[in-house]
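I opened my notebook to look up how this chain is put together. My entries follow in the order I made them.

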Amino acid sequence: MRIAIAGAGIAGTYLSRLLAKRGIETDLYDGRDQGTPCRYRSCGWGAPSGIGHYLAAVDLDLEGYLMDSMSSMEFDGLIASTPLCTINKPRLLRDLASGLTLHHHPLDRHEPGDYDIIVDATGICRAFLSPCRSDLVLPTLQHRVKVEPVGDAPLIAGVYGNRIPGLGYLWIFPLGNGEYHIGVGGIRLDQHERILEQYYESNAHRYTFTPVCSCRGIVRVASPYYSQPFSLPQGGKEGTSPRIIGVGESIGTVAPFTGEGIIYSLECARILAACWPDQDRYERTVLAQFAWMRRERETLEYLLLEGKETGPRLKDRWRFYLNARRSGIRLPLAEAFRRMGSLSRWVENP
Ligand SMILES: Cc1cc2nc3c(=O)[nH]c(=O)nc-3n(C[C@H](O)[C@H](O)[C@H](O)COP(=O)(O)OP(=O)(O)OC[C@H]3O[C@@H](n4cnc5c(N)ncnc54)[C@H](O)[C@@H]3O)c2cc1C
């Protein structure tokens, strides 16, 4: 059986490594250079330290990729301890792909070669699957900046929903050596530049910000349930075109509230490898395991439509709280309930 994996992001490379461990060969494809200095586009590098288990399963050590710790973070003024860190994603992707057959060009969907199965690991592009049942995306703009404090206080890691006019947030993730990712993302947001400029201006008395690079990206926050179908059957006159199976962000394994997709893409690839080649079991497991993403997506829909006037309901606040707990973020329940409902400015001041 000939298998191609389109997309050498986190999901595609990890899947390829796991299958290789079971003696199943795959051809990986990616048109890697995205026109950015780091040559990656969705270059968010914040992840819980729990990804160490996933890396250990393919004989890699998280220590080798750690850039900075986010053990203490600010959430709209509330300081909490977290298991989050930033990882050197380009180095991790390079090492994940090492020893695998990687073709440095995209797989052409019109001439997919004589593969029996193509895994669509193309993230937001979803290049091989048919469109999602109901897509929802979050456009982002992220800067990499050198930050120097004017006084003694260093810039701390943080997430600020109250700076965004809509559903989304501004994030500050340290990358070590005084560098940070400072980004902004929001559903239907189109004022990214202005929000970041405002942030720099309002903090100019405390820090100097020197730009290193910048890139735009889009995150699929639709949830797996609304990103179905996960697969396309073998087609063509004599069943000649390959079967397609999606993995990772192509099928929406991203936390809708936060846009966190690294650990969930790893988990999705793990499930696919564990179920391989039983596609039905894979799809059932993904839907069951990520059922909470469907609920988060439904909260977003509610806040975008009816909730504009009324703000989050009790169950929405509970979902925000569960989201933080799932990520290992320790927030006091009552305060978290109050603040996490105000994911964005207009929820409190519509
Ligand atoms: C600005 C930004 C910041 C983010 N920050 C974080 C964060 O801090 N923490 C977190 O957990 N998540 C973050 N995310 C989300 C996370 O990066 C993604 O959810 C995750 O990388 C998805 O992994 P993936 O392998 O499914 O897809 P991707 O990482 O998107 O990989 C898909 C790959 O497919 C390739 N491709 C596309 N078309 C083809 C084709 N036809 N043939 C071959 N290859 C193709 C692309 O070049 C790409 O390399 C962020 C996203 C963005 C945009």
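**Entry 1: confidence.** I checked pLDDT, the predictor's confidence in each residue, from 0 to 100. The mean for the protein chain is 90, and 91% of its residues reach 70 or more. Over residues 343-350 the pLDDT is below 50. That stretch still has 21 contacts in the model beyond near neighbours in sequence. Two residues are in contact if their C-beta atoms, placed from the backbone, lie within 7 Å. This is a predicted model, so I noted its limits: local features need pLDDT of at least 70, side-chain atom pairs count only at pLDDT 80 or more, and totals for chains, interfaces and linings use all residues. Residues are numbered from 1 along each chain as its sequence is written.

**Entry 2: overall build.** I found 11 helices and 14 strands in the protein chain. Helices (H or I, at least four residues) and strands (E, at least two) are DSSP runs, numbered from the N terminus. The C-alpha trace spans about 65 × 45 × 35 Å along its principal axes. For 350 residues, a compact globule would have a radius of gyration near 20 Å, and the protein chain agrees, with 20 Å. That radius is taken over C-alpha atoms, and the globule rule is 2.2 Å times the number of residues to the power 0.38. Among contacts between residues at least 6 apart in sequence, 71% join residues at least 24 apart.

Entry 3: In what order do the six strands of the open sheet lie? I read 6-2-1-7-14-13, with mixed pairing. Strand 6 (101-103) and strand 13 (231-232) are the edge strands, each pairing on one side only. Two strands pair if DSSP finds at least two bridges between them. Strand 1 (residues 3-6) runs parallel to strand 2 (residues 27-29), over three bridges. Here Ala6 stands opposite Tyr29. Four bridges join strand 1 to strand 7 (residues 117-120), also in the parallel sense. Ala4 stands opposite Ile118 in strand 7. Ile118 in turn stands opposite Ile244 in strand 14. Strand 7 and strand 14 (residues 243-246) are parallel, with four bridges.

Entry 4: Buried means 20 or more other C-beta atoms within 10 Å of the residue's own; exposed means 12 or fewer, and partly exposed is in between; C-beta atoms are placed from the backbone. A nonpolar core is a set of buried Ala, Val, Leu, Ile, Met, Phe, Trp, Tyr and Cys residues joined through C-beta atoms within 7 Å. The largest has 83 residues, and those with the most contacts inside it are Ala6, Leu15, Val119, Val247 and Ala269. Helix 5 (residues 262-275) gives the most to this core, with eight residues. Leaving aside neighbours within four places in sequence, Leu15 has contacts that include Ile5, Val119, Val247 and Ala269.

**Entry 5: Ala11.** Ala11 lies in helix 1. Why does Ala11 count as buried? Because Ala11 has 32 C-beta neighbours inside 10 Å. Ala11 and Ala269 are 258 residues apart along the chain, yet their C-alpha atoms are separated by 5.6 Å.

**Entry 6: helix 3.** In helix 3 (residues 89-97), I listed Lys89, Leu92, Leu93 and Leu96 as buried. They cover an arc of only 95 degrees around the axis, so they sit on the same side of helix 3. The arc is that of the directions from the helix axis to the C-beta atoms. Their cover includes helix 1 (10-21) and strand 5 (78-87). Gly99 follows helix 3, with a positive phi near 85 degrees.
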